[in-house]
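User: I'd like a close look at one part of this model, please. Could you take me through it step by step and then link it to the rest of the chain?

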Amino acid sequence: VEALLDEGWQPGQIALLTTGHRHPQQAMTVEASGWADYWDDFFAGTDVFYGHVLGFKGLERTVVVLAVNGFREAERARTMLYTGLSRARVLLVVVGPRGEIERVGGDGVRKRLHDAVDWRPVD
């Protein structure tokens, strides 16, 4: 996220979504402000949004960082991965163990990852 901000993306354009445990920033925000303020912040679009992929169905952001940090329920893994992979309007950054992502996503995801452009933070 910091590298994206350094490249010039605005905080409100970025969402970081997890597939396993919630990101510590999400947990901290909800604990400090409650769910209503958490979602108000998302819709205001002024800051980086930290969320879980299951809570992001039907939503999107210009840039999504999908942090594949495990799956609590194997039977829902493919749906969660698809949701995370389809939420970005312009740039999708996928972070996590490629083997697990390809295993869960299947041949379609494997091909798209093979054809994708590697993005690396600018030094």
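How do the residues of the lining of the second largest pocket divide into nonpolar, polar and charged?

Analyst: Happy to take you through it. Please keep in mind that this is a predicted model. The lining of the second largest pocket divides into five nonpolar, three polar and two charged residues.

Let's start with the pocket itself. The second largest pocket has a volume of about 180 Å³, and the residues that line it are Gln25, Gln26, Thr29, Tyr38, Asp41, Phe42, Asp47, Val48, Phe49 and Tyr50. The elements that give two or more residues to this lining are helix H2 (24-33), H3 and strand S2 (49-52).

Trp35, Tyr38, Trp39, Phe42, Phe43, Phe49 and Phe56 form one aromatic cluster. Tyr38, Phe42 and Phe49 of this cluster are also among the residues that line the second largest pocket. The count of aromatic pairs comes to 10. One of them is the pair of Trp39 and Phe42, which is edge-to-face because the ring centres lie 5.7 Å apart with the planes at 75°, and an angle over 60 degrees counts as edge-to-face. Trp39 and Phe42 sit three residues apart in helix H3 (residues 35-44), so about one helical turn separates them. In an α-helix with 3.6 residues a turn, residues three or four places apart point the same way.

How accessible are these two partners? Phe42 counts as buried, at 7% relative accessibility, whereas Trp39 is partly exposed, with a relative accessible area of 24%. Trp39 also pairs with Phe43: their ring centres are 6.4 Å apart and their planes are at 40°, so this pair is tilted. Trp39 and Phe43 are four residues apart in helix H3, again about one helical turn. Phe43 itself is exposed, with a relative accessible area of 62%.

Gly45 is partly exposed, with a relative accessible area of 30%. Its C-alpha atom is separated by 34 Å from that of Arg103, a residue 58 positions away along the chain. Between Lys57 and Gly12, 45 residues apart in sequence, the C-alpha distance is 18 Å.

About 740 Å³ of space lies in the largest pocket. It is lined by 22 residues, and the closest to its centre are Leu92, Val93, Val94, Leu113 and Ala116. Helix H4 (77-85), strand S4 (88-95) and helix H5 (98-115) each supply at least two residues of this lining, and H5 gives the most, with six. By type, the lining of the largest pocket holds 15 nonpolar, two polar and five charged residues.

H5 deserves a look of its own. This helix has 18 residues, yet its end C-alpha atoms are only 14 Å apart, short of the 26 Å that a straight helix would reach at 1.5 Å a residue. H5 also bends by about 135° at Gly106. Gly106 is one of the buried residues of H5, together with Ile101, Glu102, Val104, Gly105, Val109 and Leu113. Leu113, buried in H5, is also among the residues closest to the centre of the largest pocket.

Glu100 lies in helix H5 as well, where it is partly exposed, with a relative accessible area of 22%. Glu100 and Gly70 are 30 residues apart in sequence, with 8.6 Å between their C-alpha atoms.

Finally, Val122 is placed in the segment after H5. Val122 is exposed, with a relative accessible area of 64%. The C-alpha atoms of Val122 and Ala3 are separated by 7.1 Å, although the two residues are 119 apart along the chain.

Conventions. Residues numbered from 1 in each chain as written. Predicted model: local features only at pLDDT ≥ 70, side-chain atom pairs only at ≥ 80, totals over all residues. Heavy atoms only, no water. Phe/Tyr/Trp six-rings, centres within 6.5 Å; stacked < 30°, edge-to-face > 60°. Buried < 20%, exposed > 50% of the residue type's maximum accessible area, 1.4 Å probe, protein only. 1 Å grid on protein atoms, 1.4 Å probe; cavity = no way out; pocket = protein on both sides within 12 Å on 5 of 7 lines; lining within 4 Å. Points joined across faces, edges and corners; volume = space filled by probe spheres on them. Nonpolar A, V, L, I, M, F, W, Y, C, P; charged D, E, K, R; others polar. Expected span 1.5 Å × (residues − 1). Bend = angle between axes of the 7 residues up to and from the residue.
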